Amino acid sequence: MIHKTIESHDEYLKIVEQYQDYEAGTYKSMTLQEKMDFFDGVHTNNVPLFDEDGDDMDTSDDYCAIEEDFLKHPEQFSLNNILDFMAMLDDSCYQPSFMDTITKIIHNIVRFYQLDGVVFLLSHLKDVPERGYEYGLFVSIQRLISDESVYSFAKEALSQISSDNRKFVLQILEKSSFPCLEEHGNELELRRKAELEAIAKNATFN
């Protein structure tokens, strides 16, 4: 997380005042890092989307534009940017869809880099902040499992990551209540989860 979450209403109103003159389209002149800062700022209330009357501000238009750009163009990111998005994860975020979008962005970067992307993700799950475990660990792995184009890389990646990282992935997979799959998983996803568990066990303990 780049910004500390603003929870005070009075402090939020001060920030609204600071953004009164913000104009839609400003994002076009931002660097990638500035866009990422803005993106995280929205999630943490450091960049307001609504004024004191609850009406949309011009920041809302730019947030939507940045979100669409991030989702559609994973090629603009390096693998290390995955760590930046991981740092933004917060399961207690007031708008869960924001966090879901971050996991989609992470997944799209992983998919773009194919095997290297999956290896990087699985090797850095330990870097997910504890406050973001549900989205960063469980949702991220569910996306690997449900994506046909990535799943085969996930199986291969398990043999390429370190033993410690493989054990961590195994701990996630072996959770008795794997939130996403317990609630929404289909038979194929559950079967793939079991297959990854078996591969991770064999690679770790054999």
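The legends below describe close-up views of a predicted model.

**Figure 1**
Helix H1 covers residues 9–18, and Tyr12, Ile15 and Val16 are buried within it. Viewed along the axis of H1, these buried residues fall within an arc of 105 degrees, so they line one face of the helix. On the face turned away from the buried side, H1 carries the exposed residues Asp10, Lys14, Glu17 and Gln18. An α-helix has 3.6 residues a turn, so residues three or four places apart point the same way.

**Figure 1. A patch of negative charge on the surface.**
Glu17, Asp21, Glu23, Glu52, Asp53, Asp55, Asp56, Asp58 and Asp61 gather in this surface patch. Glu17, one of its members, also belongs to the exposed residues of H1 on the face turned away from the buried side. Asp61, another member, is located in helix H3, which spans residues 58–72. Asp61 counts as partly exposed because its relative accessibility is 48%.

**Figure 2. The segment before H1 and the residue pair Glu7 and Gln95.**
Glu7 is situated in the segment before H1. With a relative accessible area of 74%, Glu7 is exposed. In sequence, Glu7 and Gln95 are 88 residues apart, while in space their C-alpha atoms are 13 Å apart.

**Figure 3. Two residues with positive phi, Asn45 and Gln114.**
Most residues other than glycine have a negative phi. Asn45 is not a glycine, yet its phi is positive, near 70 degrees. This residue sits in the loop between helix H2 (32–43) and H3. Asn45 has a relative accessibility of 18% and therefore counts as buried, the limit being under 20%. Gln114 likewise is not a glycine and has a positive phi, of about 55 degrees. Gln114 is placed in helix H5, residues 96–123. At 45% relative accessibility, Gln114 counts as partly exposed.

**Figure 4. Met99 in helix H5.**
Met99 counts as buried, with a relative accessibility of 1%.

**Figure 5. The salt bridge between Asp147 and Arg111.**
The structure holds 9 salt bridges. In the bridge between Asp147 and Arg111, the closest N and O atoms are 3.1 Å apart. Asp147 lies in the loop between helix H6 (133–146) and H7, and Arg111 in helix H5, so the pair ties together parts that are 36 residues apart in sequence. The relative accessibility of Asp147 is 12%, so this residue counts as buried. Arg111, in contrast, is partly exposed, with a relative accessible area of 37%.

**Figure 6. A network of salt bridges.**
The network links Asp100, Lys104 and Arg143.

**Figure 7. The salt bridge between Glu148 and Arg192.**
The side chains of Glu148 and Arg192 meet with an N to O distance of 2.4 Å. This pair links distant parts of the chain, with Glu148 in helix H7 and Arg192 in helix H10 (residues 187–205), 44 residues apart. Glu148 is exposed, having a relative accessible area of 58%. Arg192 counts as buried at 8% relative accessibility.

**Figure 8. Ala154 in helix H7.**
Helix H7 is made up of residues 148–157 and contains Ala154. Ala154 is buried, with a relative accessible area of 1%. The C-alpha atoms of Ala154 and Lys4 are separated by 33 Å, and these residues are 150 residues apart along the chain.

Definitions and conventions
Residues are numbered from 1 along each chain as its sequence is written. This is a predicted model: local features need pLDDT of at least 70, side-chain atom pairs count only at pLDDT 80 or more; totals for chains, interfaces and linings use all residues. Side-chain values use heavy atoms; hydrogens and water are left out. Patches are made of residues with over 30% relative accessible area and no salt bridge: like charges are joined within 9 Å, nonpolar side chains (Val, Leu, Ile, Met, Phe, Trp, Tyr) within 5 Å. Accessible areas come from the Shrake-Rupley method with a 1.4 Å probe; for residues, only the protein chains shown count as cover. A salt bridge is a side-chain nitrogen of Lys or Arg within 4 Å of a carboxyl oxygen of Asp or Glu. Lys and Arg count as positive and Asp and Glu as negative; His and the chain ends are not counted. The place of a charge is taken as NZ of Lys, CZ of Arg, CG of Asp or CD of Glu. Helices (H or I, at least four residues) and strands (E, at least two) are DSSP runs, numbered from the N terminus. Buried means under 20% relative accessible area, exposed over 50%, partly exposed in between (1.4 Å probe, protein chains only). The arc is that of the directions from the helix axis to the C-beta atoms.
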